[in-house]
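Please look over the chain below before reading on.

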Amino acid sequence: MEPETVTCVSDGRRVDVLLSEVSGLTRSRVASLMENGCCTVDGAVCAKAGTKPAPGKAVVLTIPAPKPAVPQPEDVPLEILYEDDDLAVVVKPCGMVVHPAPGHEDGTLVNALLGSLSSLGGIGGELRPGIVHRLDKDTSGLLLVAKNDEAQLSLSRMLADRRIEKHYRALVEGIPKEASGRIELPIGRSRKDRKKMAVDPEGRDAVTEWTVIASGRGCALLDVHILTGRTHQIRVHMKSIGHPVCGDPIYGIDKGARVPRLMLHAYSLTFSHPRTGEPLSFTAALPDDLIRGLRANGIDPE
């Protein structure tokens, strides 16, 4: 679909009022379009809704074509470690959003999967992949994807029954006194900031096991095994014991280790194939930016 253009002549009133009357759009919608550079007055971009051009000026509003309601296939580079008729195991890069959402309608993992996977059966009657578990935008690593309803149901049950083993690599602030540990603290939405998660006695149960792999200058590289999959679980649990993940913009510390990004990587996945029962195990090598961050803090990942 092509964008729609609305053209009118200024009568001295506010631009948003005039365009709202001419286009039939609400003033808030017109203001939003103006903020995105969709309005011109005599050829010059006009971004302020309250502008009152002199009478006789040409006012043009470009209304972008609506985006499809369902995610569209995109040619986005994606590393696929394994694929068959039922599932795929992919490596999500740091910075990639998993699902389309306001502000992230394209360039997501789902868009990349739609453009990369073969023989996609679809989930719930829609031609789309089933994301079995989640990764935060700034976390890299392995994701398990179902390609049909049967695989989605089976893998989701395995996840709920803790029969999918997930291990992460995390660089954390400080060096734990113990070589390993187990955190069993419930996690819920923060009561102070609804955009954050927090340890909450009324939250959902969450279990995290960790083991120190190597230590550096004021930080340590951990193998982290999560037995549950709560939102921000590793980040919240590690903060709760005084060792937040390095580079964490939400739960980290202001003057922590100097790193290029959130130092968290979904390193390994082990599970049984939903159709054949065959045991499957995959690992994703540490990405280059994470390796640089480790070396900069005195840890050799080799």
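**A walk through the predicted model**

His243 is placed in the loop between α5 and β15. Helices (H or I, at least four residues) and strands (E, at least two) are DSSP runs here, numbered from the N terminus. The model is a predicted one, in which local features need pLDDT of at least 70, side-chain atom pairs count only at pLDDT 80 or more, and totals for chains, interfaces and linings use all residues. Residues are numbered from 1 along each chain as its sequence is written, and side-chain values use heavy atoms, with hydrogens and water left out.

Is His243 buried or exposed? Its relative accessibility is 13%, so His243 counts as buried; the term buried means under 20% relative accessible area, exposed means over 50%, and partly exposed lies in between (1.4 Å probe, protein chains only). The side chain of His243 reaches the backbone oxygen of Glu173 at 2.7 Å. A polar contact is a pair of N or O atoms within 3.5 Å; within protein, one must be able to donate a hydrogen and the other to accept it, and residues adjacent in sequence count only if both atoms are side-chain atoms. Leaving aside neighbours within four places in sequence, His243 is in contact (heavy atoms within 4.5 Å) with Val172, Glu173, Gly174, Ile175, Pro176 and Met238.

The loop between α5 (233-240) and β15 also holds Asp248. With 6% relative accessibility, Asp248 counts as buried. Its side chain reaches the backbone nitrogen of Ile250 at 2.9 Å. Not counting residues up to four places away in sequence, Asp248 touches Arg235 and Leu262.

Two strands pair if DSSP finds at least two bridges between them. Strand β8 (residues 140-146) is mostly covered, with 7 of its 7 residues buried. Which other strands pair with β8? Strand β6 (residues 87-92) pairs with β8 in the antiparallel sense over 6 bridges, and Val90 has Leu143 in β8 as its bridge partner. Strand β7 (residues 130-131) is joined to β8 by 2 bridges, and these two strands run antiparallel. Gly130 has Ala146 in β8 as its bridge partner.

The strands β6, β7 and β8 are among what covers the buried residues of α3. Of the 8 residues of α3, 6 are buried, so this helix is largely enclosed by the rest of the structure. The buried residues in α3 are Leu109, Val110, Asn111, Ala112, Leu113 and Leu114.

Nonpolar side chains tend to be buried together in soluble globular proteins. A nonpolar core is a set of buried Ala, Val, Leu, Ile, Met, Phe, Trp, Tyr and Cys residues joined through side-chain atoms within 4.5 Å. The largest nonpolar core here has 32 residues, and those with the most contacts inside it are Val90, Leu109, Leu113, Ile131, Tyr168, Val224 and Ile234. The elements giving two or more residues to this core are β6, α3 (109-116), β8, β9 (165-173), β14 (219-226), α5 and β15. The largest share, 5 residues, comes from α3. Apart from this core lies another, of 17 residues, among them Val6, Leu18, Leu19 and Met34.

An open sheet of 4 strands has the order β1-β4-β2-β3, with antiparallel pairing. β1 (4-9) and β3 (44-45) stand at its edges, each with a single partner strand, so one side of each is left without a neighbour in the sheet. Strands β2 (residues 39-41) and β4 (residues 58-63) run antiparallel and are joined by 3 bridges; Thr40 stands opposite Val60 in β4. Helix α1 (residues 15-23) lies across β1, β2 and β4, running at about 120 degrees to β1. Axes are lines fitted to C-alpha atoms, for helices over the stretch in contact, and angles run from 0 to 180 degrees between N-to-C directions.

Overall, the chain has 6 helices and 16 strands. Buried residues make up 43% of its 302 residues. The C-alpha atoms fill a box of roughly 75 × 50 × 40 Å, taken along the principal axes.
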